[in-house]
Amino acid sequence: MPVPSADEPEPPRRGRSSAVLARLAAWSTAVANLWRRSLQVRVGTSTFVIAGVVVVVIGLLLVDKVASGVLQAKRDSAVGQAKVGLQIARAELFDKSVQTAGDVQSAQQGLQADLTASGTSAGLFSIVLVPAGGNLDASATVPERLRSLVRSGNLAVQYAPVPSGSSGTLVKGLIVGEPVEARTGSFELYYLFPLTAEAQTIDLVDRTALFAGLALVLLVVIIALLVTRQVVGPIRLAAETAGKLAAGDLEQRIPVRGLDDTARLGRSFNDMAGSLQRQIKRLEDLSRLQRRFTSDVSHELRTPLTTIRMASELLYSSRDEFPPALARSVELLRAELDRFEALLGDLLEISRYDAGVARLESETVDLRGVVAAAAAANEVLATRHGTRMIIRQPDEPVTVDMDSRRVERILRNLIGNALDHGEGRPIDITIAADREAAAVTVRDYGVGLKPGEAGMVFNRFWRGDPSRSRLTGGTGLGLAIALEDARLHDGWLQAWGERGRGAQFRLTLPRHAGHTLMSSPLPLVPPDLDEDIEPAPDIDTDADAKAAP
């Protein structure tokens with residue numbers, strides 16, 4: 001087997017084939033997308049196909065009918081010529097001898113002249129005269145089947161090639177044959193009619209029908225496209241206007257002209273847009289008023305709260321001199337004042353987020369230190385619940401561009417929430433990082449969450465169990481503020497929970513400000529679910545009430 005030379009490499013056929021297939025795939029994808037997106041393309045293509053099929057069917061029927069009519073007319077004229085020429089042929093051949101070749105030849109020439117002079121509408125023709133049962137010359141093209149019919153005494157017709165002009169070129173033709181009786185025997189007389197003129201007529205009809213059909217299809221497609229454009233144009237304009245309204249440009253409206261259905265649609269759309277604008281403006285005004293009211297009330301309550309705080313501190317410092325019942329009341333008053341002050345602070349913070357004035361004070365900080373500070377801030381609460389906090393962290397620093405105050409507040413809320421609902425079981429705090437993100441998970445093994453509650457825990461003032469006492473709970477805004485703090489860092493704050501198996505919250509932050517998170521270094525669903533976990537006991541509301549300070 002010959003080995004290909006290194007100087008003559010084989011052409012990369014596979015590479016060319018792959019490139020062609022790739023181009024075909026791209027082209028087919030583009031056509032499919034255009035078909036799905038454009039109503040005009042679908043209507044135009046459908047109209048072209050349907051109109052093309054109708055025109056083709058009607059054109060074929062019309063052309064076939066015209067061709068049949070032309071050929072039938074030629075056939076009738078040819079038969080009429082044969083019938084007229086029968087008497088002339090009988091007179092010419094009456095005294096001719098079928099046995100004498102000279103008589104037959106002279107009779108054919110005379111008969112050709114007499115028949116041509118008869119002047120019928122059959123057109124040009126030539127004749128072939130042969131004694132009955134005789135042999136035809138080489139130039140004759142009369143089919144044997146036709147001769148058999150003529151010899152049996154019938155006038156017969158058949159389409160067959162005939163010689164045309166002096167060159168004798170065979171063309172499509174019609175042959176009419178009839179028997180002629182003479183004194184000395186019978187003759188076979190054949191009329192050879194060229195169908196050249198009829199073929200030209202039929203070709204002209206074919207071309208006319210083709211061009212007329214194409215013109216008709218194109219005209220129908222153009223009309224369909226114009227009509228579709230009149231319908232699609234307002235729809236596209238409405239879609240563009242709706243997109244601008246959705247983007248916040250509430251002043252956009254559809255220009256309305258006329259009194260037709262599209263104009264009525266435009267007016268209805270504009271009325272709807274105006275109603276939406278008024279409703280949105282009213283809601284914005286209400287929201288602005290609500291935010292201002294919350295902020296004003298929070299600020300106005302600061303002054304009386306300060307006075308009450310001073311009085312309560314004075315009473316608290318002298319509680320040892322009071323009777324036991326009064327001393328307990330002073331302790332409860334001080335605890336509720338602490339909670340009320342925290343609620344005012346949270347209301348002020350959430351109002352800043354609502355007003356869009358919250359700002360980051362970002363700096364590069366080791367996330368491990370922030371987690372440790374948040375855990376230390378909850379040490380007293382952990383001691384009260386008898387809960388041990390376990391922190392798992394890498395040995396190397398986990399630096400993150402963040403506002404450490406806000407991130408520590410997020411973690412304090414998550415750890416405090418885990419301690420409140422962990423039923424005294426250990427709390428796992430895990431830190432991990434990769435090149436793009438850092439994450440902290442807070443895992444408890446308490447009551448957990450019901451299906452659907454993981455997305456509701458960040459709602460303001462949401463309570464998992466409304467029957468539970470609020471005496472030991474927070475303000476109801478902690479997780480909502482934590483979620484806003486995470487979003488301010490372009491981070492994620494997510495929750496997972498399962499009834500009886502605890503809950504886990506995951507905070508994910510980009511390590512560098514301005515980066516977009518694509519993934520988290522820690523999973524949201526804990527990997528220890530396959531381990532046997534002792535179900536959490538039912539919630540005891542009385543115990544919650546007794547645990548209040």
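In the protein chain, what share of the contacts with a separation of 6 or more comes from residues 24 or more positions apart? With contact meaning heavy atoms within 4.5 Å, such residues account for 68%.

Before selecting anything, two notes on what you see. This is a predicted model, where local features need pLDDT of at least 70, side-chain atom pairs count only at pLDDT 80 or more, and totals for chains, interfaces and linings use all residues. Residues are numbered from 1 along each chain as its sequence is written, and side-chain values use heavy atoms, with hydrogens and water left out.

**Stop 1: the whole chain.** Colour by pLDDT, the predictor's confidence in each residue, from 0 to 100. The protein chain averages 77, and 79% of its residues score at least 70. Now select residues 467-472: pLDDT is below 50 here, and the stretch has 22 contacts in the model beyond near neighbours in sequence. Residues 532-549 also fall below 50, with 35 contacts beyond near neighbours in sequence.

Switch to cartoon and you will find 12 helices and 13 strands (DSSP runs, numbered from the N terminus: helices are H or I with at least four residues, strands E with at least two). Of the 549 residues, 33% count as buried, that is, under 20% relative accessible area with a 1.4 Å probe, protein chains only.

**Stop 2: Thr-47.** Select Thr-47 in helix H2, which spans residues 39-93. Is Thr-47 buried or exposed? It counts as buried because its relative accessibility is 17%. Show what touches Thr-47: leaving out residues up to four places away in sequence, these are Gly-52, Val-220, Val-221 and Ala-224.

**Stop 3: H10 and H11.** Select residues 404-421 (H10) and 478-488 (H11), whose axes come within 9 Å and cross at roughly 145°. These axes are lines fitted to C-alpha atoms over the stretch in contact, with angles from 0 to 180 degrees between N-to-C directions.

Stop 4: Why is H11 described as largely enclosed by the rest of the structure? Because eight of its 11 residues are buried; among them are Gly-478, Ala-480, Leu-483 and Ala-486.

Technical notes. Buried < 20%, exposed > 50% of the residue type's maximum accessible area, 1.4 Å probe, protein only.
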